[in-house]
Amino acid sequence: IGNYAITNHNKLQVEYTGTDGGYIEMNNLRQGVLYSNPEATAVLKDVHAVNMGLDALKSAGGTITVENCVLDTTEGHGIYMSDGEMTVKNVTFTNNAKCGAYILTPSVLTLEHVTISKPGTRGVMNLGGTVKGTDVTVTDPRGYGVSNERSKTGVAGTVEYTNLTINGCQKNNVYSTGEGCKTYITGGVLGESALTNVYLSGGEVTLTDVEILGSAAADKPAINVRAKAVCTLNGSSRIHGNGERGVNISGVFNMEGGEIYGYKSDKGSGGAVRLFTGGTFHMSGGSIHDNRSGYGGAVYVKTSAVF
């Protein structure tokens, strides 16, 4: 099939109407399954597509609903959005050479019961758009799990996940950068990552009722909060596992609930938390227990840091 299998300029509905649980099969597409133009409306259901030369789903605007699909092996992204609104339900993306989903401002993406497996660069990359996800699983990303960043024009992104699970990540499970970017994660498990599990070089990340399993790297913390970034831990969140320590703080870390435990070493400083110069640690709830290090098994505070 040449270029996109379906290009939509107006109103479109594609779905399998049989009663045997079947699906529409598409193979070896030059570009992808669907391209939607501004102001168009599209509904795509029950499609299984394999081997696409670009992005499986591409939105330049309008409203798109995608349900009960399997989109396997693309040379680009699973989803590419430069504008518009897209709702994706019960869909599996596999082997995207780039991102599972790549979102640009002012796009709005809603994910419900979505699995992204083996993306090349990121599971979901948000650049100034809005992403809302419920029951999202990212497995074996060759880069980052999910990221939230400012657009090239300086627009801050907003991301909200409920029950987010990430496993087998080769970099950071959660990556935040850019003033004004806000990321909210409620529930789920951030499995052991190859590098720092949650990395903030800017923006704000709020973690509620999330289990964070640390880093596989002996010299990396579970959470790294750099200068100008803010991270809040609350609810029944738990930080534990391998790695250098629980949290490194050069920016602001608010512990309103949760636990940090199980970081034990006879060398180094700060088993659970290390405050670097200029960092601020506000602890109004939660507990820090069963940690050990050469200096400050629970919290190590450097000069000009605030605890």
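The largest cavity holds about 30 Å³ of space. A cavity here is a set of points, on a 1 Å grid over the protein atoms alone, where a 1.4 Å probe fits but cannot get out. Points are joined across faces, edges and corners, and a volume is the space filled by probe spheres set on them. This is a predicted model, so to speak of local features takes a pLDDT of at least 70, side-chain atom pairs count only at pLDDT 80 or more, and totals for chains, interfaces and linings use all residues. Residues are numbered from 1 along each chain as its sequence is written, and side-chain values use heavy atoms, with hydrogens and water left out.

By this rule the count comes to 1 cavity of 30 Å³ or more. Its lining (residues with an atom within 4 Å of a point) is made up of Val146, Ser147, Asn148, Val159, Tyr161, Val174, Tyr175 and Thr183. Strands S13 (144–149), S14 (158–167) and S15 (174–176) each give two or more residues to this lining; strands are DSSP runs of E, at least two residues, numbered from the N terminus. The most come from S13, with 3 residues. Sorted by class, the cavity lining has 5 nonpolar, 3 polar and no charged residues. For this sorting, Ala, Val, Leu, Ile, Met, Phe, Trp, Tyr, Cys and Pro are nonpolar, Asp, Glu, Lys and Arg are charged, and the others, Gly among them, are polar.

Next comes the largest pocket, with about 230 Å³ of space. A pocket is an open set of points with protein on both sides within 12 Å along at least five of seven lines. It is lined by 17 residues, and Gly243, Glu244, Lys264, Ser265 and Lys267 lie nearest its centre. The pocket lining divides into 2 nonpolar, 10 polar and 5 charged residues.

On to the largest nonpolar core, which has 67 residues. Such a core is a set of buried Ala, Val, Leu, Ile, Met, Phe, Trp, Tyr and Cys residues joined through side-chain atoms within 4.5 Å, where buried means under 20% relative accessible area, exposed over 50% and partly exposed in between (1.4 Å probe, protein chains only). Val33, Leu57, Leu71, Ile79, Val88, Ile223 and Phe253 touch the most other members. Strand S8 (residues 79–96) supplies the largest share of this core, 6 residues. Leaving aside residues up to four places away in sequence, Leu71 touches partners including Val33, Leu57, Val91 and Phe93; a contact means heavy atoms within 4.5 Å.

Ser59 sits in strand S7 (residues 57–74) and is buried, at 1% relative accessible area. Its side chain reaches the backbone oxygen of Asp83 at 2.8 Å. Beyond four places in sequence, Ser59 touches Ser36, Ile64, Tyr80, Met81, Ser82, Asp83, Gly84 and Met86.

Most residues other than glycine have a negative phi, and most peptide bonds are trans. Thr73, in strand S7, has a positive phi of about 70° although it is not a glycine, and Thr73 is partly exposed at 22% relative accessibility. Ser304 has a positive phi near 70°; Ser304 lies in the segment after strand S29 (299–301) and is exposed, with a relative accessible area of 57%. A cis peptide bond, with omega about 5°, joins Thr105 and Pro106. Pro106 is in the loop between strand S9 (99–104) and strand S10 (108–117).

Notes
Helix = DSSP H or I, 4+ residues; strand = E, 2+ residues; numbered from the N terminus. Polar contact = N/O pair within 3.5 Å; in protein donor to acceptor, adjacent residues only side chain to side chain.
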